[in-house]
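Student: Can we go through this structure together, one topic at a time? I'd like to ask things as they come up.

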Amino acid sequence: MLHSGLLKFYSVIVVCFLFSFCLFSQAEVTKPSQEVKVDWSYQDLLNDSLPGISLNKAYIEILDKVEKRDVIVAVIDMAVDIDHEDLKDKIWVNTHEIPNNKIDDDNNGYVDDINGWNFLGNSNGKNILFTNYEYTRIVRAYHNMFKDKEMINVSEDQKDNFLLYVRAKKKYDERVRYAQNDKAYIDYYDTGYIEATKALQNFFPQKKYSKKKLDSVKKLHKEDKVLSRHLDYMLIYVQYKLTPKWIQNYKRKAYERIDKLLNLDYDERIIIGDNPNDIKDIGYGNNQVNNNIDIIKHGTKVAGVIAATRNNGLGIDGITDNSKIITLLISPFGNEHDKDVALAIRYAVDNGAKVINISSGKEFSLHQDWVLDAIRYAEKKDVLIVTSAGNNSLNLDDPLVYNFPEDIDKNNKEVASNFVKVGSSTTYTDKRILHKLSNYGKRNVDLFAPGEKILTSIPNNKYEIDSGTSLSCAVVSGVAALIRSCYPDLSASKVKEILMESGTSYDIEVEIEQKDKTKKLVPFSNLSKSGKIVNAYNALLMARKLSLE
C-alpha cells in the first residue's frame with residue numbers, strides 16, 4: 001500500500017521528473033502555446049511584433065534572389081535520425097568511402113564513415129549509452145593524490161589540479177545525494193503505479209484511465225480512503241500523460257546515474273577499447289550515427305533546426321536549405337570526453353565542414369588543452385564553431401562558473417576568433433526576454449538567439465516543441481551556414497563578427513537571480529558580449545556589403 005504521506009509529494013515529484021528526464025539534454029520540454037506562431041522564431045520584430053531572427057523576411061527579400069552553394073555543417077552531439085523524412089536528404093555523404101566494405105577507403109582512420117562517425121562505440125557494433133560525469137572522472141583521477149590534503153600541503157605545480165579536484169569533489173558529493181533521492185522517488189513512483197493498477201483492476205480491467213472515469217469512481221467510493229489514494233495517484237498519472245514505458249525509462253536512467261555516471265569504479269571505455277587519456281589513441285568507434293534514437297532525441301532536434309528540408313510540406317522548415325549535416329556522436333547520458341570532442345572537431349574540419357554546432361556543455365574539463373588545440377585547428381582551417389551557453393541560469397563571467405567547451409585558456413585569455421557561445425531568448429519583448437534557464441555573461445557569452453517553444457524534428461518522423469540553449473545554438477549555426485552559403489569568400493572570424501554586430505538590440509531590463517537568491521534588473525545588453533539577438537536578415541545585408549568591398 002502507498003504511504004499516505006507520499007501522495008502530497010506526487011505533483012512536485014512528477015514536475016521534477018519532467019524537467020530532468022533527459023540527463024544530457026540542455027533543453028526544457030514545453031507544450032505548444034496558442035499565443036504565438038509555431039514559427040515565431042522566424043518572424044520579424046517590426047513586421048510581426050515577435051523577437052525572431054527575421055528569417056522569413058530574409059528569404060523573401062534576399063535569399064530567393066541570391067545564388068547559394070551547399071555548406072557542410074557538423075552536428076557534434078547525440079545520434080541523429082538520418083532517415084527522418086525531413087532530414088534524409090540533408091545528410092552528408094562521404095563520397096570517398098565505399099559503403100560497408102570494411103575498408104578505410106579514404107585512409108582517414110575511420111572505416112566506412114559514410115555519414116560521419118560515432119565515437120561512442122566499437123568496431124563490433126557495440127555502443128555505450130551511459131558514461132561518467134566529468135567530475136566523476138576528476139575525482140577518480142586525483143582522489144588518491146589529494147583526498148587527505150589541504151592547499152598548504154600541495155606543491156606549487158599541483159595547485160591547479162588540487163583546486164579542480166576540490167571543486168569536482170564538492171559537485172560529486174552533491175550529485176550523489178541528489179541521485180540517491182531521485183532513485184528513491186522513482187522507486188516509490190514505480191511501486192505506486194503497480195499498486196494503483198492492482199487496486200483499480202476491477203474498475204479498469206483494460207487499464208484505460210481517464211480523468212472523468214477516475215473522478216466518477218472516486219465519487220461513488222468517497223468513503224474508501226485507501227481506494228481514494230490510488231485514484232488520486234492515477235489522476236496525476238493521467239494528468240501528466242505518463243506511461244509505464246516512461247516510468248521504466250526514467251527508472252533506468254536513475255539507476256544508471258548511480259551505477260555508471262557516478263560510479264568511481266565503472267570502466268566507461270571498456271566497450272570502446274581506447275585509452276581516453278591518450279589523444280593519439282584514435283581509430284576507435286564505428287559508423288552507426290543513428291543508434292539508440294528511440295531513447296535519444298537531442299541530435300535530431302538540433303539537426304532539424306539547422307537543416308530540415310524547407311517547403312516540402314512536411315513537419316518544419318529548417319533555417320538553411322543549402323546544407324549537409326555531418327553527424328558526429330560524442331554525447332552519452334553523462335558527460336562527453338574531451339578527447340571525443342577534440343577528435344570530432346578535427347574530423348569535421350578535415351571533411352569540409354564550414355560550421356560546427358556543439359549544443360552541449362559541462363562544468364568541468366579534464367583535458368581542456370586538447371579541445372583548445374582543436375578549436376585553434378578549426379580556426380586555422382577557417383571553420384566556425386558555435387556552442388550553447390547552457391541552461392543553469394548562471395553568469396559565465398563568474399570565475400567559479402564554467403561551461404565547456406570554451407575558447408578561454410587557463411590564463412583566462414581568449415585563444416581563437418572562430419568560436420561563438422549562444423544564450424537563449426524568448427517570445428517576449430519585456431523583462432522576460434531572457435530565457436529563465438539560460439546562462440549569460442558579458443564576457444563569455446557572445447550573443448543570444450531564440451530558444452523558447454521551438455518546433456523541431458525528433459526521431460521516427462515526429463516533431464516536438466522544445467526550449468533551451470541547445471536550440472539557440474542551432475539557430476545561430478543555421479544563420480552562419482546561410483551566410484557561408486551565399487558569401488563563401490567571408491572568413492569564419494568575419495562571419496562571427498557579422499553575427500554579433502548585425503543582431504537586434506533590445507533596450508530592456510531583465511530580471512536575474514544573484515548568488516544570495518535576491519533578484520535584480522539588469523540591461524539585456526549587459527548579458528552578452530554583443531548585447532544582441534541574432535538576426536538573419538541584418539546579417540545577410542551586412543555580409544553582402546562586406547563581400548562586395
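Predicted model: local features only at pLDDT ≥ 70, side-chain atom pairs only at ≥ 80, totals over all residues.

Student: How does the radius of gyration fit with a compact globule?
Tutor: A compact globule with 549 residues would have a radius of gyration near 24 Å, and the chain has 24 Å, so the value agrees with that expectation. Along the principal axes, the C-alpha atoms fill a box of roughly 80 × 60 × 60 Å.

Student: How many helices and strands are there?
Tutor: The chain has 14 helices and 14 strands. Among contacts between residues at least 6 apart in sequence, 77% join residues that are at least 24 apart.

Student: Let's take one residue, then. Where is Leu129, and is it buried or exposed?
Tutor: Leu129 is found in the loop between strand 3 (116-118) and helix 4, and Leu129 is buried, with a relative accessible area of 8%.

Student: Which residues is Leu129 in contact with, leaving aside its neighbours within four places in sequence?
Tutor: Those contacts are Arg252, Asn292, Ile295, Ile296, Pro332 and Phe333.

Student: Why does the pair of Tyr135 and Phe364 tie together parts apart in sequence?
Tutor: Tyr135 lies in helix 4 (residues 134-146), whereas Phe364 lies in the loop between strand 5 (355-358) and helix 11 (368-380), so the pair ties together parts that are 229 residues apart in sequence. Tyr135 is buried at a relative accessible area of 5%, and Phe364 is buried at 2%.

Student: What about Phe448 and Phe524, how are those rings arranged?
Tutor: Phe448 and Phe524 form a tilted aromatic pair, with 5.1 Å from centre to centre and 50° between the planes. Phe448 is in strand 8 (residues 447-450) and Phe524 is in the loop between strand 13 (519-523) and strand 14 (532-533), 76 residues apart. Phe448 counts as buried at 0% relative accessibility, and Phe524 counts as buried at 0% too.

Student: Okay, now charges. How many salt bridges does the structure hold?
Tutor: The structure holds 29 salt bridges. One of these joins the side chains of Lys297 and Glu464 at 3.0 Å, N to O, linking the loop between helix 8 (244-261) and helix 9 (298-307) with strand 10 (residues 462-467), 167 residues apart.

Student: Is Lys297 buried or partly exposed, and what about Glu464?
Tutor: Lys297 is partly exposed, with a relative accessible area of 34%, while Glu464 counts as buried at 17%. The side chain of Glu464 also meets that of Lys301 in a salt bridge of 3.0 Å, N to O, and Lys301 is in helix 9.

Student: Which charged end sits over the ring of Tyr428?
Tutor: That is the charged end of Arg432, which lies 3.8 Å from the centre of the ring.

Note on methods
Residues numbered from 1 in each chain as written. Heavy atoms only, no water. Helix = DSSP H or I, 4+ residues; strand = E, 2+ residues; numbered from the N terminus. Buried < 20%, exposed > 50% of the residue type's maximum accessible area, 1.4 Å probe, protein only. Phe/Tyr/Trp six-rings, centres within 6.5 Å; stacked < 30°, edge-to-face > 60°. Lys NZ or Arg CZ within 6 Å of the ring centre and 35° of its normal. Rg over C-alpha atoms; globule rule 2.2 N^0.38 Å. Contact = heavy atoms within 4.5 Å. Salt bridge = Lys/Arg side-chain N within 4 Å of Asp/Glu carboxyl O.
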